[in-house]
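Have a look at the model first, then read on.

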Amino acid sequence: MFISNKMIQAKNLYKKYGNLEVLKNIDLNINKGEVVAIVGPSGAGKTTLLQLLGTLDKPSNSDYQLQINGKDLKKLNDKELSHFRNKNIGFIFQFHQLLPEFTALENVAIPAYINGVNKKEADRKAAELLDLLGLSERKDHKPAKLSGGEQQRVAVARALINNPAVIMADEPSGNLDSENAKQLHKLFFDLRDRFHQTFVIVTHNEELAEMSDRKIIMKDGKIISE
Ligand code: ADP
């Protein structure tokens, strides 16, 4: 059996808002286990591209192709798509977006509850991930009681709980000081080495972009260099 090493295959992604063309026919392939940084000036279309790849939004055209982990996403209806997303894609945002009224452990476990994993098993897995990320002492704290770096590591654990095929991150270290940013970047590469995780990361952080396997530079809705 032929097993593809492609995690993401995207062809002809086009997006406009009103008359503004934000993505101009983007083609992009990303391999399994690859850490890819998407860089470029503000307004270049980086976040929009990540949203399309993450199935959080759809292209404006119909003649595009998008496959993730061997699945043709155009064939899925909205319900199937949200199920696919929950199982296959972990998201990390600049502002961690943890739920303030829940503990670190609950925040990490929630995507597993949604995925139908029973509470006991979800909590056990969440605790294991928090432990792996050096947060076992913090699991019963609510986000407001955690430092910025800790909050972001909780968000990483949450992104990992359903063993996603790919992690998509939008400016994950944009709100961290340089020491915490360094630690977070190191964590991404550790996770890649350990779990063969694929990462697609929109970033302004030059150091992270340079560490990545591939740097994709965007400008005016196009990829100008890979
Ligand atoms: P980047 O992440 O590179 O800064 P974005 O993808 O966020 O770029 O935005 C690209 C362009 O699309 C910008 O000009 C932005 O103002 C515009 N844009 C993004 N989202 C929307 C939206 N929901 N409605 C209208 N314009 C948008």
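## The sheet and its neighbours

In this predicted model, six strands form an open sheet with mixed pairing, in the order β6-β7-β8-β3-β9-β10. Strands here are DSSP runs of E with at least two residues, helices are runs of H or I with at least four, and both are numbered from the N terminus; two strands pair if DSSP finds at least two bridges between them. The edges belong to β6 (89-92) and β10 (222-225), each with a single partner strand, so one side of each has no neighbour in the sheet. On average, neighbouring strands of this sheet are turned by 25 degrees against each other, direction ignored.

β6 and strand β7 (residues 166-170) run parallel and are joined by four bridges. Phe 91 has Met 168 in β7 as its bridge partner.

| Helix | Strands touched | Angle between directions |
|---|---|---|
| α2 | β6 and β7 | about 70 degrees with β6 |
| α6 (residues 178-195) | β3 (35-39), β6 and β8 (198-202) | about 160 degrees with β8 |

Now to Arg 85, which lies in helix α2 (residues 78-88). Not counting residues up to four places away in sequence, Arg 85 touches Gly 54, Thr 55, Leu 56 and Phe 91. Arg 85 is buried but has no salt bridge, and the nearest side chain of opposite charge, Asp 78, is 6.8 Å away. Buried means under 20% relative accessible area (1.4 Å probe, protein chains only), and a salt bridge needs a side-chain nitrogen of Lys or Arg within 4 Å of a carboxyl oxygen of Asp or Glu. Lys and Arg count as positive, Asp and Glu as negative, while His and the chain ends are not counted.

Residues are numbered from 1 along each chain as its sequence is written, and side-chain values use heavy atoms, leaving out hydrogens and water. Because the model is predicted, local features need pLDDT of at least 70 and side-chain atom pairs count only at pLDDT 80 or more, while totals for chains, interfaces and linings use all residues.

How values were computed: Buried < 20%, exposed > 50% of the residue type's maximum accessible area, 1.4 Å probe, protein only. Contact = heavy atoms within 4.5 Å. Axes fitted to C-alpha atoms, helices over the stretch in contact; angles between N-to-C directions.
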